[in-house]
Amino acid sequence: MLQSVNSPEDYEGFLKIIAAFLLPLERVVHEFPLKTLVPDIEARKRSKDLQEDIRYYDKNWELKQTAPLPPIFTIYHSIGALYVLEGSTLGGPIIAKMIRKQTGLDNTLLYFENYQEKRKSMWDNFRMALDQSALQPHSEIITASAIGCFTAYQKWLEINNKPSYAKNSNSSM
């Protein structure tokens, strides 16, 4: 999918497609009281960066279309979904490098470069939170939720895999 991002317009379309899944997912995750399990939960909100990247290209952009999300009914489902969001930060620098190489862009990469030099410590802290004994009895639910999120995201990206995002993306998406 990223191989098709070859221009700033393609990148804008790509950002809008991922936003349709990631923004609602983050919103749902943060509706649960996670602070006792993940003390730095507020620092893990990344939707502002994604929106800022999109609004660089489309100043009046608002999310109008959203992707179908997997069921997130409990705090344990939420932790599984958060695993997907946090895990994506590990690949962010690789994606940013690809975008730079393919498009020549050197800005609007806030979402993919989130956490910067804190990336490893943020991931390590999250992994420690996952290892809490209070979560162990719920590990099957957490794992199933993470897998459900990965699967739903993959389906969304496959449905929206277009040769040129710019030609096919809805600017209001």
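In which helix is Ala 144 found?

Modeller: Ala 144 is found in helix H5; helices (H or I, at least four residues) and strands (E, at least two) are DSSP runs, numbered from the N terminus. This is a predicted model, in which local features need pLDDT of at least 70 and side-chain atom pairs count only at pLDDT 80 or more, while totals for chains, interfaces and linings use all residues. Residues are numbered from 1 along each chain as its sequence is written, and side-chain values use heavy atoms, with hydrogens and water left out.

At 46% relative accessibility, Ala 144 is partly exposed; buried means under 20% relative accessible area, exposed over 50%, and partly exposed in between (1.4 Å probe, protein chains only). The C-alpha atoms of Ala 144 and Gly 80 lie 7.4 Å apart in space, although 64 residues separate the pair in sequence.

His 77 belongs to helix H3. With a relative accessible area of 19%, His 77 is buried. Residues up to four places away in sequence aside, His 77 touches Pro 71, Ile 72, Ile 141 and Ser 145, contact meaning heavy atoms within 4.5 Å. The side chains of His 77 and Thr 74 are joined by a polar contact of 2.8 Å. Such a contact is a pair of N or O atoms within 3.5 Å; within protein, one must be able to donate a hydrogen and the other to accept it, and residues adjacent in sequence count only if both atoms are side-chain atoms.

Next comes the nonpolar core, a set of buried Ala, Val, Leu, Ile, Met, Phe, Trp, Tyr and Cys residues joined through side-chain atoms within 4.5 Å. The largest such core has 49 residues, of which Tyr 11, Ile 18 and Leu 50 touch the most other members. Helices H1 (8-29), H2 (47-57), H3 (75-103), H4 (119-130) and H5 (139-159) each supply at least two residues of this core. The largest share, 13 residues, comes from H1. Beyond its neighbours within four places in sequence, Tyr 11 contacts residues including Val 5, Asp 53, Tyr 57, Ile 99 and Phe 112.

As for the whole chain, the secondary structure comprises six helices and zero strands. Buried residues account for 48% of the 173 residues. Of the contacts between residues at least 6 apart in sequence, 83% join residues at least 24 apart. Along the principal axes, the C-alpha atoms fill a box of roughly 50 × 35 × 25 Å.
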